[in-house]
Structure formats: C-alpha cells, structure tokens
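Student: Could we go through this protein together? I would like to know how to read its fold.

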Amino acid sequence: MPNILPSRRRKLKIWIHGDEPAEMKGTGKLGQSISLLDLASNDYLGLSKHPNLIEAAQTALYTNGVGAGASPLVTGHRPIHKELEEALAHWLGKESVLLFPSGFQANLAAVIALADRHTTVLADKLIHHSLLVGIKASGAKLKRYAHNDLDDLEKHLKLHSNNKSTHRPLVITESLFSMEGTSPEINKMASLCDKYGAQLLVDEAHSLGIMGSQGRGLCYELSTPITILSGTFGKAFGSGGAFLACSNRMSEYLLQASGGFRYSTALAPPLAAAALAALKLIKSNCDWGQKLQKRAEDWRFRLSAEGWSRPPGKGPILPLVLGTDQQALLYQAQLENAGLLSVAIRPPTIPEGTSRLRLVLRRDLPKGTFDRLINALKTL
Ligand SMILES: Cc1ncc(COP(=O)(O)O)c(C=O)c1O
C-alpha cells in the first residue's frame with residue numbers, strides 16, 4: 001500500500017440555495033454561515049435545480065423506484081432509458097446510444113472495447129483519469145502526444161503506419177478539456193484518423209449542451225465520423241449518469257461484450273428522467289450554449305484587460321494559472337472572503353507548477369459577477 005497523503009478534502013460544507021440557483025451556502029471555520037456564489041461546479045446551465053428536472057425525476061421516482069434494481073440486460077432497462085437513448089441518438093445524429101451509470105464507467109467501457117494488448121493508443125497528454133484507467137485495463141501500449149498538437153499526433157500516426165502493424169491505433173481526446181478550457185480541432189483530427197486508419201474516441205463530457213451547433217458538442221456533423229463519443233449527464237445536463245454514442249454495430253458489440261455495461265446496475269431511472277428533461281430544455285433553448293460562450297468570451301477579454309493572461313479556449317472553463325499550490329490556495333481563500341467559490345486545482349490533477357483557480361461560468365450567474373470577481377482578485 002503506497003503512502004497516503006493527508007486528505008485535501010475541504011472542510012467547508014457546501015450546498016445550493018433552493019431559491020437562488022447560482023448561490024451556495026457554506027459553514028465557515030467558526031461555524032458562521034457564509035454565502036458563496038458558485039464559480040466552480042460543472043452545472044454550466046444551472047439545470048440541476050430546474051423545476052422540469054425535479055418534476056421529471058420525481059415522477060420517475062414514484063413510477064420506477066429509486067434504483068433500476070438490476071443490470072440493463074436483466075430488468076434494469078426501462079422505457080425511460082429507451083426514450084432517453086433514442087432522443088439522444090436523434091439529437092446527436094448517431095445510430096445508437098447506450099447508457100451507463102457514470103462517465104468514468106462509460107469511458108472505461110469505450111477504451112476496453114476499442115483497444116487490447118495489441119493496440120497502440122495515442123492519447124492527448126491531458127486526457128481525463130478515467131480514460132487512462134481504461135487504457136491501463138485494456139493492456140494497450142500508450143503513447144502521449146502534446147496537448148491538442150495535431151502535428152505531433154500525425155508524427156505518431158505516421159510512425160505507427162510505418163511499423164506495418166495490422167492493428168488499428170486508437171486516438172483519444174476530450175473535446176473541451178476540463179482543467180484547461182481548450183479544445184482540439186476535432187474535424188482535422190477526425191480526417192487524420194481516417195487517413196491513417198485510426199479509431200477515434202472523443203470524450204465530450206464538458207462540451208455537450210454548450211459547444212457546437214445548438215449545444216450538440218464539437219463532434220456533431222463532422223465530415224468524417226468518429227468511432228465512439230462519450231458524454232455525461234453530470235455536467236451541463238444537471239443530472240447524473242452517462243452514455244456512449246456510436247454505430248449500431250459498435251453498440252451491439254458493447255452490449256454483448258462490455259462488462260462495464262452488462263454487469264452493472266442500470267442508470268437510476270430518476271437520473272435518466274432528469275437527463276431527458278434537460279435534453280428537452282437544451283433543445284428548446286438552443287441559444288443557451290452560444291450565450292454562455294459569449295459571456296465567457298467577454299470574461300476572457302476583461303480578464304486580459306485587467307492584466308491577467310487570457311484564459312485559452314472558447315467554453316465556460318477559464319483557468320487562472322497561478323503556479324504554486326500556495327498561490328492557488330491563497331486566491332481561493334481570497335475569493336471565498338469575497339463570497340465567491342472557485343476551487344484551487346493542484347497536482348496530481350494538473351501538471352506540477354501549474355496550480356490554478358478553475359473559474360467556471362454558469363448561465364444563471366447574476367449581473368455584476370465579473371466585477372465582484374475582479375475586485376476580489378485585485379486585493380492580492
Ligand atoms: C472529461 C471527463 N470525462 C469523464 C468524467 C467522468 O464523468 P462522471 O462524473 O459522469 O463519472 C469527467 C468527470 O469529472 C470528466 O471531467
């Protein structure tokens with residue numbers, strides 16, 4: 001058993017106000033109540049407390065129960081799951097969707113379906129931990145390419161094709177990197193994969209609901225289709241659970257062969273119902289993502305005007321890289337004093353020396369939030 005470091009879990013207990021969706025309440029060190037504005041969670045559209053989601057979850061709770069009670073192939077797959085799968089597949093223009101209880105599990109299942117010990121996996125240097133666990137479990141050979149660097153990726157693809165391997169390589173990326181806020185050029189990446197006969201797995205956990213045409217993510221309507229798209233309901237969809245979208249053939253393979261799918265209790269029906277309600281809201285408010293991106297663009301501009309280096313990317317994740325853990329924690333505490341919640345992200349989640357505040361925008365932030373933020377940042 002390796003040495004275990006003291007827990008970094010914060011002492012502050014946080015919960016969300018019922019009536020002020022963007023406000024959070026916490027209990028400070030001395031036990032007094034403090035109010036924190038949420039600039040930290042992934043509830044980008046503020047849907048986790050939306051009445052439509054609550055009502056849908058409640059209805060499913062009373063009709064289906066709290067849990068699914070069995071794996072999907074036994075009795076766990078209910079009409080609500082089927083409805084969600086079909087609606088998602090239609091929305092994303094995919095042949096098939098399979099639901100999973102979490103994005104972590106979906107990613108594991110996707111990698112294991114696409115790679116084995118004969119496979120070379122070419123993965124972005126900064127991919128999510130769940131994907132790395134999947135690669136390890138598959139036994140594949142892992143090569144990392146520089147973050148979002150398609151020239152570096154092509155070098156690796158060329159090398160692999162020169163080796164005359166009969167096994168197709170697997171390329172893995174995220175479409176919106178959760179700690180960086182950056183995105184690769186997915187269209188170009190998909191064409192490269194096509195050119196070199198590689199499979200492509202894209203984790204769209206942070207972009208679905210926000211990025212791309214009407215929030216359909218960055219893999220929507222690519223000129224070259226990807227092999228598997230992974231998405232989660234725990235972020236912009238305000239619910240929980242996840243899915244893989246792919247061809248009918250791949251979906252059938254996963255259904256037959258994926259232990260992560262076959263041997264795990266199906267997604268809880270209330271979460272599936274809430275995810276479906278979120279999808280309906282996102283479809284009928286198709287400018288939400290664009291508006292959030294516009295606001296994020298404004299924040300980026302104003303942060304750089306205030307002397308901060310401009311956070312990269314286009315989505316609602318704006319990291320302020322500060323360097324040391326101490327600096328990041330100092331800024332976190334400073335923001336907390338000003339009633340703002342942003343979390344210091346430190347190694348091993350991100351590379352050494354790049355500790356940061358991960359600022360996250362959400363749709364329901366009140367006017368004047370940026371001024372509050374910049375005033376709090378100025379005091380250090
Ligand atoms: C990029 C990415 N993929 C997958 C996951 C896992 O998703 P879930 O929270 O549904 O397990 C996360 C969650 O942190 C994530 O950030």
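Tutor: We shall go from the overall fold to the sheet, the ligand and some backbone details. Please keep in mind that this is a predicted model.

Student: How many helices and strands does the protein have?

Tutor: The secondary structure comes to 13 helices and 14 strands.

Student: And how compact is the protein?

Tutor: The radius of gyration is 21 Å, close to the 21 Å that the globule rule gives for 380 residues, so the protein is as compact as a globular protein of that length. Along the principal axes, the C-alpha atoms fill a box of roughly 60 × 50 × 50 Å.

Student: What share of the residues is buried?

Tutor: Buried residues make up 48% of the 380 residues.

Student: In which sense do β5 and β6 pair?

Tutor: Strand β5 (residues 120–124) pairs with β6 in the parallel sense, over five bridges. Within β6, R144 is the bridge partner of A123.

Student: Changing topic: which residues are closest to the ligand?

Tutor: The ligand is surrounded by 14 residues, and the closest are S102, G103, F104, A205 and T232. Helix α4 (residues 103–114) gives the most to this shell, with three residues. By type, the shell divides into three nonpolar, nine polar and two charged residues.

Student: What joins P347 and P348?

Tutor: A cis peptide bond joins them, with omega about 10 degrees. P348 is placed in the loop between β13 (343–345) and β14 (355–360).

Student: What about N148: is it buried or exposed?

Tutor: N148 counts as buried, because it has 21 C-beta neighbours inside 10 Å and the cut-off is 20 or more. Its phi is near 55 degrees, a positive value in a residue other than glycine. N148 is in the loop between β6 and α6 (150–162).

Student: And E221, buried or exposed?

Tutor: E221 is exposed, with 11 other C-beta atoms within 10 Å. E221 also has a positive phi of about 55 degrees although it is not a glycine, and it lies in the loop between β8 (199–203) and β9.

Methods:
Residues are numbered from 1 along each chain as its sequence is written. This is a predicted model: local features need pLDDT of at least 70, side-chain atom pairs count only at pLDDT 80 or more; totals for chains, interfaces and linings use all residues. Helices (H or I, at least four residues) and strands (E, at least two) are DSSP runs, numbered from the N terminus. The radius of gyration is taken over C-alpha atoms; the globule rule is 2.2 Å times the number of residues to the power 0.38. A residue is buried if 20 or more other C-beta atoms lie within 10 Å of its own, exposed if 12 or fewer, and partly exposed in between; C-beta atoms are placed from the backbone. Two strands pair if DSSP finds at least two bridges between them. A residue is near a molecule or strand if its C-beta atom, placed from the backbone, lies within 6 Å of it. Ala, Val, Leu, Ile, Met, Phe, Trp, Tyr, Cys and Pro count as nonpolar, Asp, Glu, Lys and Arg as charged, and the others, Gly among them, as polar.
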